[in-house]
Amino acid sequence: MRRTGGAFWLAVLLVAGCSPGYVLFADPVFAGSGRLPRGDLMPSSRIYEFTLDDIDGKPVSLSQFRGKALLLVNTASFCGNTPQYADLQSLYERYHEAGLEILAFPANNFGQQEPGTNEEIKSFCYTKYSLTFPLFSKISVKGPDKHPLYRYLTEQSPFPGEVEWNFQKYLVDRRGEIVGRYPHRMKPLADEIVRDIERTLTLP
């Protein structure tokens with residue numbers, strides 16, 4: 001049998017990596033449960049197509065975060081996980097200058113733990129936790145009224161599956177690809193999340 005030279009395989013990799021709609025991870029950037037394994041092909045991201053209102057009701061296109069690493073979190077004010085706001089703020093202060101944005105999406109889907117108005121949510125978050133990362137208007141992340149962003153994350157992204165509870169997290173790389181999902185119980189400063197963010201920030 002004829003042996004195939006290295007140049008041929010290099011050409012295959014280049015073609016695969018440049019094929020429309022797909023990205024080829026050549027290195028094992030993420031290698032754990034809930035993260036993309038080596039060599040996975042995944043659909044091109046639609047993350048920048050979505051526009052949502054911020055906590056003041058002003059429309060924000062996610063395309064303005066192009067080129068940033070993003071941590072998307074569904075939040076609630078009266079949950080056992082609510083103290084994670086403090087860790088999210090610490091994470092933001094540590095990595096914001098390096099290119100990290102944290103986007104918080106209040107939602108009342110679990111245990112009615114976000115019952116307030118946007119103004120009440122804003123007052124609570126800014127007064128109790130002094131948040132400086134983007135906070136959005138309340139949305140639904142589960143059920144028939146699920147916001148299109150979360151319909152994409154839970155049904156069409158590389159990590160399908162319903163949001164399980166408040167403070168589930170998705171990591172988005174600088175190209176807009178969803179590269180990690182972390183359970184609600186995992187704190188934002190957990191070694192796994194910090195390591196993945198640091199590695200994501202080193203990639204173009």
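Is Cys-125 buried or exposed? In this predicted model, Cys-125 has a relative accessibility of 0%, so the residue counts as buried. Cys-79 is buried as well, at a relative accessible area of 11%; the cut-off for that label is anything under 20%.

A disulfide is a covalent bond that joins the sulfur atoms of two cysteines. Searching the whole structure for such pairs gives zero disulfides.

Four of them form an open sheet in the order 6-5-7-8, and the pairing is mixed. At the edges stand strand 6, covering 100-106, and strand 8, covering 178-182; each has a single partner strand, so one side of each lacks a neighbour in the sheet. Direction ignored, neighbouring strands of this sheet are turned against each other by 20 degrees on average.

Have a look at the pairing of strand 5 with strand 7. Residues 69-75 make up strand 5 and residues 169-172 make up strand 7, and the two run antiparallel, joined over four bridges. To find your place there, pick out Leu-72, whose bridge partner in strand 7 is Tyr-170.

Helix 4, residues 148-155, lies across strand 5, strand 6, strand 7 and strand 8, and runs at about 105 degrees to strand 5. Helix 5, residues 191-202, also lies across strand 5, strand 6, strand 7 and strand 8. If you follow helix 5 against strand 7, you will find an angle of about 20 degrees.

Conventions. Residues numbered from 1 in each chain as written. Predicted model: local features only at pLDDT ≥ 70, side-chain atom pairs only at ≥ 80, totals over all residues. Heavy atoms only, no water. Disulfide = S-S within 2.5 Å. Buried < 20%, exposed > 50% of the residue type's maximum accessible area, 1.4 Å probe, protein only. Pairing = 2+ DSSP bridges. Axes fitted to C-alpha atoms, helices over the stretch in contact; angles between N-to-C directions. Contact = heavy atoms within 4.5 Å.
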